[in-house]
2 protein chains.
Amino acid sequence: MKIEAVDFFYLSMPQVTDEADGSQDALLVRVVAGGHVGWGECEASPLVSIAAFVTPMSHGVCRPVSDSVLGQEINGPEDIARISALVEYNSMDLLQAPHTLSGVEMALWDLLGKARGEPVWRMLGYARSEPKVPYASVLFGDTPQQTLERARASLANGFVAGKFGWGPIGRGTPADDADHFMAAREGLGKDGILLVDVGQIWGEDVDAAAARLTALNDAGALWLEEPFHGSAYEAYGALTDRLPEGGVRLAGGEAAHNVFMARHLIDYGKVGYVQIDCGRIGGIGPAHKVAKYAVEKGVTFVNHTFTSHLALSASLQPYAGLADHRICEYPAEPKPLALDFVANHFDRDGNGEIAAPNAPGLGIEVSEAGMRKYIRTVEIRVDGELIHESGKSI
Amino acid sequence: MKIEAVDFFYLSMPQVTDEADGSQDALLVRVVAGGHVGWGECEASPLVSIAAFVTPMSHGVCRPVSDSVLGQEINGPEDIARISALVEYNSMDLLQAPHTLSGVEMALWDLLGKARGEPVWRMLGYARSEPKVPYASVLFGDTPQQTLERARASLANGFVAGKFGWGPIGRGTPADDADHFMAAREGLGKDGILLVDVGQIWGEDVDAAAARLTALNDAGALWLEEPFHGSAYEAYGALTDRLPEGGVRLAGGEAAHNVFMARHLIDYGKVGYVQIDCGRIGGIGPAHKVAKYAVEKGVTFVNHTFTSHLALSASLQPYAGLADHRICEYPAEPKPLALDFVANHFDRDGNGEIAAPNAPGLGIEVSEAGMRKYIRTVEIRVDGELIHESGKSI
């Protein structure tokens, strides 16, 4: 099959706010080859990722992503790897390229799976799709009382695992933060899985992070996520060396835009959990490489997903068959946009668990009708020539 | 002073080819504040870097670069650092942001220097601008004879240092490559400084690279540049461990888009030379941090510049005062575009050396008339609204 067309659809809510909620916009990618259609989703900044696909070439290793994709043969997983390697080399100097490639690569897996009648996870070599324990992500409250109420609401909504993020943590004293951690624990109950995400608040200040470790451990937090800048491996490693034995571990990796970066967070940063966003790392193939590496190193793989069920399905594939890697991020309360363009959500089962769909490709049906009210038109002209136009014909 | 305007100018040659020559296009940035004007240059992919400045916000930490720049106060170097930190945090999830910021940051230094009547290197704390030994970059020939002729031509043109890059190296046998290395040495003469750049050809294959070490060493190469993917620190480190004592060292770092990445290439990759492109790492401030770190670690700092003398001046500032860090990359034969938009090139002195200008700011006068014949117009519309237009009024 030959890749005949790659189309982008930029969706957004009528109003995008400054909350750290990635479901406020989306960049969908539709790939057509051999009469089959595949869908993927880039994370994030739709306009910039579109520009990286269509930009004029700057020089031999700063080419638009389209140069390495359009017209290529796609007949098996090895072609997806080959196309990805082409993009990596030919767009070496185009920083945004991995984010653009991510959605295209997912769509290629989806298309290939549909053409073969196979789920992506089976093409990756897994015998079955194992159930995962989804966690709901909520923000810490402004007060410990609010945090407590949010934890109770999360539990009442059937989530045994809850991730609390951002908010006041790291902006006041360690004692203030401790009150929030204990409130979250109280709300989730003693058996709940408590996860804490601080969104890089400490830059590379190991002491500031270390001042919260006892409280995190006392609250029984399973992980502390992104204490530092995504590339601050030394700080991750130094904080890991100060963790209490058998207690809270570090988690990170969402910023990785290639396999090396994820490996470094494991090897140099010594994280216990490596969190990969398939919409950033270059798609499913690189994420699967990270999952295999994590197994080898005794680290737990976790998806990073804060958008739609299309992105969720893609992000589960790389570790779908790893029965011991149980936890998964689940966009529990996305914006309507992320709900409306997917026709078949996969809900939690009777145990409150989810699994990558047992269906061809990613198993997700994209609804073009559901996209319509969120679509944004984009036009890019260079020297008067229209080099990109999207959103008009939906 | 308040930042009133940031304007982009996308220039390119009428025809851009697939050769690895970064001077085929350019993205210039003009910043206006307090009646002063500063200029900078982003490297690379002009359209994508423009998009990262003007794109609609995706969420709170995926904002356009403009959000953290326009309207900010700029009264001293600490403001430049503050604005850079704002961009880093607010555009955390926008991968292209560091490339966009790079040109803006340079322009802020230029503007501040002009407002104060001080060269940028003096604002960085250096007492003087030390002379540097420029090397000319040429491509390896298709045959050793061609390589020999190119080396002779480079020497005849007054360059005691020559960098040979890309071409057939790594695509044939180690013996084929050895012939090219010896041809380059012969052409440069026994006192010439021989540098070899292989453009990531071996991915992370340490053995393939190691098979060339004896020949490189016999040819007296000072460094082997980018044997591997920019993030393959483990491979860099493993190859360093196999280097002959006192001989050729590794060089790399041009892909670094933050200070951490450059530090990691030093600490984990054990390079002897760290090469920083001010147009990618976020500008002059981060590059200066790397220069200080290199001094601390006994590693030599080198600029990476393959475009204009505006980019060259910016890239010399971070290590202008480091007398022992002598070598510098010099765009010896850029395309006419890169020559025409700069009104005052800084040529080699009687010793064949160059130095960062002793003049306010970057000391480079940008010629808008010289830009005119290369300017490309850009228009970006989202939902019909023109969110960016450039190139029409030059």
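**Strands, sheet and a buried serine in a predicted model**

Student: Which residues does A:S84 touch, not counting residues up to four places away in sequence?
Tutor: Contact means heavy atoms within 4.5 Å. With residues up to four places away in sequence left out, A:S84 touches A:L101 and A:E105.

This is a predicted model, where local features need pLDDT of at least 70, side-chain atom pairs count only at pLDDT 80 or more, and totals for chains, interfaces and linings use all residues. Residues are numbered from 1 along each chain as its sequence is written, chains are lettered from A and ligands numbered from 1 in the order in which they are written, and side-chain values use heavy atoms, with hydrogens and water left out.

Student: Is A:S84 buried or exposed?
Tutor: A:S84 sits in helix α2 (residues 77-90) of chain A. Helices (H or I, at least four residues) and strands (E, at least two) are DSSP runs, numbered from the N terminus. Buried means under 20% relative accessible area, exposed over 50%, partly exposed in between (1.4 Å probe, protein chains only). A:S84 has 16% relative accessibility, so it counts as buried.

Student: How many residues of strand β2 of chain A are buried?
Tutor: Strand β2 of chain A spans residues 25-33. This strand is mostly covered. The count is 8 of its 9 residues.

Student: Over how many bridges do β2(A) and strand β3 of chain A pair?
Tutor: Two strands pair if DSSP finds at least two bridges between them. β2(A) and β3 (residues 36-42) run antiparallel. A:V29 has A:G40 as its bridge partner in β3(A). The pairing extends over 7 bridges.

Student: Which residue in the turn of the β2(A)-β3(A) hairpin has a positive phi?
Tutor: The hairpin has 2 residues between its strands. A phi of about 55 degrees belongs to A:G34.

Student: Which strands stand at the edges of the open sheet in chain B?
Tutor: The sheet has 8 strands in the order β10-β9-β8-β7-β6-β5-β4-β11, with parallel pairing. Each edge strand has a single partner, so one side of each is left without a neighbour in the sheet. The edges are β10 (300-303) and β11 (327-330) of chain B.

Student: Which residue in β6(B) stands opposite B:F164?
Tutor: Strands β5 (residues 161-165) and β6 (residues 193-197) of chain B pair in the parallel sense over 5 bridges. Opposite B:F164 stands B:V196.
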